[in-house]
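Please keep the sequence and the structure in view as you go.

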Amino acid sequence: MRLIHCLNNISSQGTDLLSDAYGLSEDATTAEGILVRSAAMHDMEFGENLLAIARAGAGVNNIPLERCAQEGIVVFNTPGANANAVKELVLCALLLGSRGIIDGIAWCKDNAADENIAKSAEKAKKAFAGREIAGKRLGVIGLGAIGALVANAAIDLGMDVYGYDPYVSVGAAWRLNPAVHHACELTEIFAECDYITIHVPALPNTIGMINEDAINHMKDGVVFLNFSRDTLVDNNAMATGLSSGKVGAYITDFATPEIMRMEHAIVLPHLGASTEEAEDNCAMMAVRQMMAYLETGSITNSVNFPACQLGPVASGCARIAVLRANDPEVLGRAALVLQDQGCVIENSVDVTRKDTAYSVYDVADTAAADQAAAALSDWDGIYKVRVIR
Ligand SMILES: NC(=O)c1ccc[n+]([C@@H]2O[C@H](COP(=O)([O-])OP(=O)(O)OC[C@H]3O[C@@H](n4cnc5c(N)ncnc54)[C@H](O)[C@@H]3O)[C@@H](O)[C@H]2O)c1
């Protein structure tokens, strides 16, 4: 039986997918797989049996990726599994930025004891009047899992949508509604859009990208939404934009002391992915990816090894799966070892990703496969070898 350890509470929608060949173990040191959400793993010693860590979520800064690679442990995450949850909150934010919803609710609470509240409300409501989003222009910066869903949903709500993403993946581009206008420059988004929402990762070239210059190029009264990372926006520039009225509202999912001090900022406590469904989706995706790797060697959404789609091992064959350094010499030596051990290779795949690589050989002689795997295990640059039947 394959043992799986859950370092955090993982939605049962995920763990229920584990077949009878698996058991949940309280002991991380004997497990072949670890499921984790946010538990810190940097100081953890990993057991010899450990083959995979699956993070139910996107961020992996709680996991020592490089050490895992060197120990032949494949780390998975679940990109996009929470995209719908974030998209829905962004739609909510568009409305919060357009109508006096928050002030209106506050007014109702403040006047809860008024027996004539219905009549007073008719008078008070003009202070909370807003505008409709239909027909307005929305700029979406970053058209990945979340940005593409937001763009498509905004089209359905009658908005005129401009999308900017110079690195958009083919898959994401296919998912985009063709009505999304392709902006080739960020300045086009800034100049044209009444609402702008940003959905890019925090990287050296995106941190602070919404700075004074960017804000100066935006339309007066623009509503800016940030449900990605607080560091994408320069706080001083945004605070100045808000107090001058250049930015009509800043709606964000990141409650930092600087943002809390900004006028006209609507701040949520990082609720983007906080839905039951997102947790279920992440758990199911994490478990499926881990099972596929343990059973066939297939790698989908790993953050430290290359992707590799493999079918089941053919009956009577053995699959030698080699996690290794991305070094042609190691690849050459592996091929020689297989040859020396008399392995007849029926099928092979070799994929690379930055410093790491993955070589898979399907061989007909299972005894030769075992011998080759044993001969390969101790070589420098070979992180883990296993034989899958
Ligand atoms: N608020 C939350 O709770 C929450 C939840 C999930 C994700 N997020 C954040 O949302 C971000 C986006 O998530 P996703 O799942 O859509 O990621 P993703 O990787 O699917 O998409 C990111 C997109 O940004 C694009 N991009 C990168 N650099 C760019 C640049 N300089 N200009 C324009 N586009 C650029 C990429 O090409 C990609 O298409 C994440 O990085 C994360 O920080 C927040």
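**Exercise 1. Determine what share of the chain is buried, and describe its overall build.**

Step 1. Of the 389 residues in the chain, 48% are buried, where buried stands for a relative accessible area under 20%, exposed for one over 50% and partly exposed for values in between, computed with a 1.4 Å probe on protein chains only. The model is a predicted one, in which local features need pLDDT of at least 70 and side-chain atom pairs count only at pLDDT 80 or more, while totals for chains, interfaces and linings use all residues. Residues are numbered from 1 along each chain as its sequence is written, and side-chain values use heavy atoms, with hydrogens and water left out.

Step 2. The secondary structure amounts to 14 helices and 16 strands, taken as DSSP runs numbered from the N terminus (H or I over at least four residues for helices, E over at least two for strands). The C-alpha trace spans about 85 × 45 × 35 Å along its principal axes.

Step 3. Counting contacts (heavy atoms within 4.5 Å) between residues at least 6 apart in sequence, 62% join residues at least 24 apart.

**Exercise 2. Find how many salt bridges the structure holds, and work out which parts of the chain three of them link.**

Step 1. There are 11 salt bridges, each defined as a side-chain nitrogen of Lys or Arg within 4 Å of a carboxyl oxygen of Asp or Glu.

Step 2. One of them joins the side chains of Lys 246 and Asp 220, with N to O at 2.8 Å. Because Lys 246 sits in the loop between α10 (235-244) and β11 (247-252), and Asp 220 in the loop between α9 (212-216) and β10 (222-226), the pair ties together parts that are 26 residues apart in sequence. Lys 246 is buried at 18% relative accessible area, whereas Asp 220 is exposed at 66%.

Step 3. Asp 362 and Arg 319 also meet through their side chains in a salt bridge, again given as 2.8 Å from N to O. This pair links distant parts of the chain, since Asp 362 belongs to strand β15 (residues 356-363) and Arg 319 to strand β13 (residues 318-325), 43 residues apart. Both partners are buried, Asp 362 at 13% and Arg 319 at 3%.

Step 4. In the salt bridge between Asp 370 and Arg 389, the closest N and O atoms are 2.6 Å apart. Asp 370 lies in helix α14 (residues 366-377) and Arg 389 in the segment after β16 (382-388), 19 residues apart. Here Asp 370 is partly exposed at 36%, and Arg 389 is exposed at 55%.

Step 5. Arg 137, Asp 160 and Glu 192 are joined in a network of salt bridges.

**Exercise 3. Describe which residues surround the ligand, and how much of its area the protein buries.**

Step 1. The ligand is surrounded by 23 residues, of which the closest are Ala 145, Ile 146, Asp 165, Phe 227 and Asp 253; a residue qualifies if one of its heavy atoms lies within 4 Å.

Step 2. The protein buries 82% of the 860 Å² that the ligand exposes when taken alone, with areas from the Shrake-Rupley method and a 1.4 Å probe.
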